[in-house]
Amino acid sequence: MANILSFSKVRAGGCQIDDDGSSDCFRVHGPTKFLTFSKSDDGLYTHAVLHSGIVLADVVSKNAEGYTKCEITDARAARKALSMMGHPSVRDFEKMCALVLESFLVVGI
């Protein structure tokens, strides 16, 4: 599982980010503890969440705030459909949708 870390959102959440320059990593300091992100072999900075006591589930519920149950259900169905299609890029997905729409128009549905 991978998450993209937005420095601006981390700072807006009240955390501090530092890099002392002595090692190839950086730390995110929260109110009670800090997380160290180390550079992986492929060049990405990661933090192992396994066994660290971090719970990421509350992020999902916060992302759902402000949406109706119907909108959340539709979003889940769309995510499942994208998965079934092999997670195409936005451009490829738009082409697929255009082809389907064109087919419907030709058939007269």
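This note walks through a predicted model of one protein chain, point by point.

1. **Before you start.** Residues are numbered from 1 along each chain as its sequence is written. Because the model is predicted, local features need pLDDT of at least 70, side-chain atom pairs count only at pLDDT 80 or more, and totals for chains, interfaces and linings use all residues, while side-chain values use heavy atoms, leaving out hydrogens and water.

2. **The overall plan.** The chain has four helices and four strands.

3. The four strands make an open sheet in the order E1-E2-E3-E4, with antiparallel pairing. At its edges are E1 and strand E4 (45–46), each of which pairs on one side only. Two strands count as paired if DSSP finds at least two bridges between them. As background, strands of a sheet pair through backbone hydrogen bonds, either parallel or antiparallel.

4. **From E1 to E2.** Strand E1 (residues 16–18) pairs with strand E2 (residues 25–29) over three bridges, in the antiparallel sense. To find this pairing on screen, look for Ile17, which stands opposite Val28 in E2.

5. **From E2 to E3.** How many bridges join E2 to strand E3 (residues 34–39)? There are five, and these strands run antiparallel. They form a hairpin with four residues between them. Two pairs are handy landmarks here: Phe26 stands opposite Phe37 in E3, and His29 has Phe34 as its bridge partner.

6. **A closer look at Phe34.** Phe34 sits in strand E3. Is Phe34 buried, exposed or partly exposed? Its relative accessible area is 39%, so Phe34 is partly exposed; the cut-offs are under 20% for buried and over 50% for exposed, with partly exposed in between (1.4 Å probe, protein chains only). Leaving aside residues up to four places away in sequence, Phe34 touches Arg27, Val28 and His29, where a contact means heavy atoms within 4.5 Å. Phe34 and Ile17 are 17 residues apart in sequence, and their C-alpha atoms are 9.4 Å apart in space.

7. **From E3 to E4.** E3 and E4 pair in the antiparallel sense over two bridges, and Ser38 stands opposite Thr46 in E4. These strands also form a hairpin, with five residues between them. In that turn, Gly43 has a positive phi of about 95°.

8. **Helix H3 and what follows.** Helix H3 (residues 69–84) has 16 residues and spans 23 Å from its first C-alpha to its last, close to the expected 22 Å. That expected span is 1.5 Å times one less than the number of residues. Just after H3, Gly86 takes a positive phi of about 85°.

9. His87 lies in the loop between H3 and helix H4 (90–107). Its phi is near 55°, a positive value in a residue other than glycine. Most residues other than glycine have a negative phi. His87 counts as exposed because its relative accessibility is 57%.

10. **A nonpolar patch.** Which residues make the nonpolar surface patch of about 210 Å²? They are Leu82, Met85 and Met96. Met85 is in the loop between H3 and H4 and, at 35% relative accessibility, counts as partly exposed.

11. **The chain as a whole.** Buried residues make up 6% of the 109 residues. Of the contacts with a separation of 6 or more, 5% come from residues 24 or more positions apart. The chain exposes about 9400 Å², and carbon and sulfur atoms supply 60% of it; accessible areas come from the Shrake-Rupley method with a 1.4 Å probe, and for residues only the protein chains shown count as cover.

Definitions and conventions
Patches are made of residues with over 30% relative accessible area and no salt bridge: like charges are joined within 9 Å, nonpolar side chains (Val, Leu, Ile, Met, Phe, Trp, Tyr) within 5 Å. A salt bridge is a side-chain nitrogen of Lys or Arg within 4 Å of a carboxyl oxygen of Asp or Glu.
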